[in-house]
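Subject: Structure handover

Dear colleague,

I am passing the structure below on to you. My notes on what was found in it follow.

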Amino acid sequence: MNIPTIVAGALWLVALWRLPSIRHSRKQRSLALTFVCLAAAMTLEVPEAKATVNDAAGADMRLPPLLKHLLGVASAAYLLDFVIAVVRPQGLARRTRLAAVGVTLPLMLAFYALANWTPGGPVRLGEGGGAVFPVLYTAVFTLYIGVAMIVATWLFLGGVRHSRTLLGKAGLGFLGLGTLLGSLYALQRVVFVTIHLSTGTGHPELEDLLSTTLKQTAILSISLGVCLPPLSVAVDHARDWNTLRRLQPLWEHLTEAAPHVVLSAPIPRWRVPFRLERCVIEIEDACLALREYVSADLHERARSFAEQRSVEEDEADAVAEACWLRAAAHFSRDGHRLEGTEHPPLGVTGRDRTSELVWLRAVSRAYTSSPVVAEFSSQEKATASLSAGVPERVCSRGN
């Protein structure tokens, strides 16, 4: 299997993967059509596909090179539309871009039809009166590809600093690298044509090597850049699922003690971010409800108890939180809320999203597996049982 076949196969896989998203938004549609055009263009470099087209249209028509270049222009236009939708949602020179494509494609068709091509290759200079048209064809094609790739490179690399995730930054970086290589592809074509026109000599083997290498590397870099952001989404999904799994034991214990905080609307299992969001909300609501059953003094005792048991300083707050929550869950069974006293503060208050999840995971871990929490809870239960016959039990425990 040759390299063009491998590259074309990889592009078709990416194109088929992106194709279902074509109806979602203009951005997704532009990206999907970019890869459809690139895959079709690279397919025309596969020897078997090229031979099939030549057999159908006639070898004298030289149709594969023309179709490949037209598809290349279309893919560049769609890619430029995609990066503008990502980096400049307000738009960028839309009429100018449409006019550029509208002029480039007809000129390419006209110059290609008038050109006197030599057998050596699709864009070699011809001989005789038609020699100027291959130059014009090459100039129009190269100019559009070069300008489009330069603008796309500027936008992609400029958008790297605005991306919120590492994989998102890497994706935009690879996309920018791919379009930069596309710019170099256009530049080397200009250089070789200029050399040919000025000296009358050509370097077809070197030109073909550079052209093929730059083109294929650019396409693979763009493909990799497109695949990285969805991978970032998959990583976020896996992280959310893991966090949800770790918070589940705490959620079960707290909502058992405060079942009224559980929302009734079901969420499909596959919508992990939404399930995690609701889990966090219900845990925090349960904490607010359970804190009514204990006093701030109990929280202070829990903190002192954790220090006496040599709990590490970075875990002491979470252990103390788990201590009073576990005691509150037990005391909530008799339904007697404490009144006229200060209640424990919630450790989750005032945190951003990331530190909030880290905090709740630490509390969940302490709640379900810390021997200090279990010992404190047993001690509080025993104290409450001893004072069960005293009318002021609840209040005396809180003071």
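**Cysteines**

The sulfur of cysteine 227 has its closest cysteine sulfur in cysteine 37, and at 17 Å that is too far for a bond. Please keep in mind throughout that this is a predicted model. Cysteine 227 counts as partly exposed because its relative accessibility is 30%.

Cysteine 287 is buried, with a relative accessibility of 6%. The closest cysteine sulfur to that of cysteine 287 belongs to cysteine 279; the distance is 11 Å, again too far for a bond. The cut-off for a disulfide is a pair of cysteine sulfur atoms within 2.5 Å, and by this rule the count is 0 disulfides.

**The largest pocket**

The largest pocket has a volume of about 1,300 Å³. Its lining is made up of 40 residues, and those closest to the centre are Arg164, Thr165, Ser232, Val233 and Asp236. Sorted by class, the lining comprises 19 nonpolar, 12 polar and 9 charged residues.

At least two residues each come from α1 (3-18), α2 (26-43), α4 (63-87), α7 (166-199), α8 (204-257), α9 (272-290) and α12. The most is given by α8, which supplies 12 residues.

**Serine 369 and serine 370**

These two serines sit where α12 gives way to a loop. Serine 369 is in helix α12, whereas serine 370 lies in the loop between α12 (353-369) and α13 (371-386).

Which of them is buried and which exposed? Serine 369 counts as exposed because its relative accessibility is 52%; the cut-off for exposed is over 50%. Serine 370, at 14% relative accessibility, counts as buried, since buried means under 20%.

The side chain of serine 369 reaches back to the backbone oxygen of arginine 365, at 2.5 Å.

From C-alpha to C-alpha, serine 369 and arginine 95 are 64 Å apart in space, with a sequence separation of 274 residues.

**In short**

Regards

Key: Residues are numbered from 1 along each chain as its sequence is written. This is a predicted model: local features need pLDDT of at least 70, side-chain atom pairs count only at pLDDT 80 or more; totals for chains, interfaces and linings use all residues. Side-chain values use heavy atoms; hydrogens and water are left out. Helices (H or I, at least four residues) and strands (E, at least two) are DSSP runs, numbered from the N terminus. Buried means under 20% relative accessible area, exposed over 50%, partly exposed in between (1.4 Å probe, protein chains only). A polar contact is a pair of N or O atoms within 3.5 Å; within protein, one must be able to donate a hydrogen and the other to accept it, and residues adjacent in sequence count only if both atoms are side-chain atoms. On a 1 Å grid over the protein atoms alone, a cavity is a set of points where a 1.4 Å probe fits but cannot get out, and a pocket is an open set with protein on both sides within 12 Å along at least five of seven lines; lining residues have an atom within 4 Å of a point. Grid points are joined across faces, edges and corners, and a volume is the space filled by probe spheres set on the points. Ala, Val, Leu, Ile, Met, Phe, Trp, Tyr, Cys and Pro count as nonpolar, Asp, Glu, Lys and Arg as charged, and the others, Gly among them, as polar.
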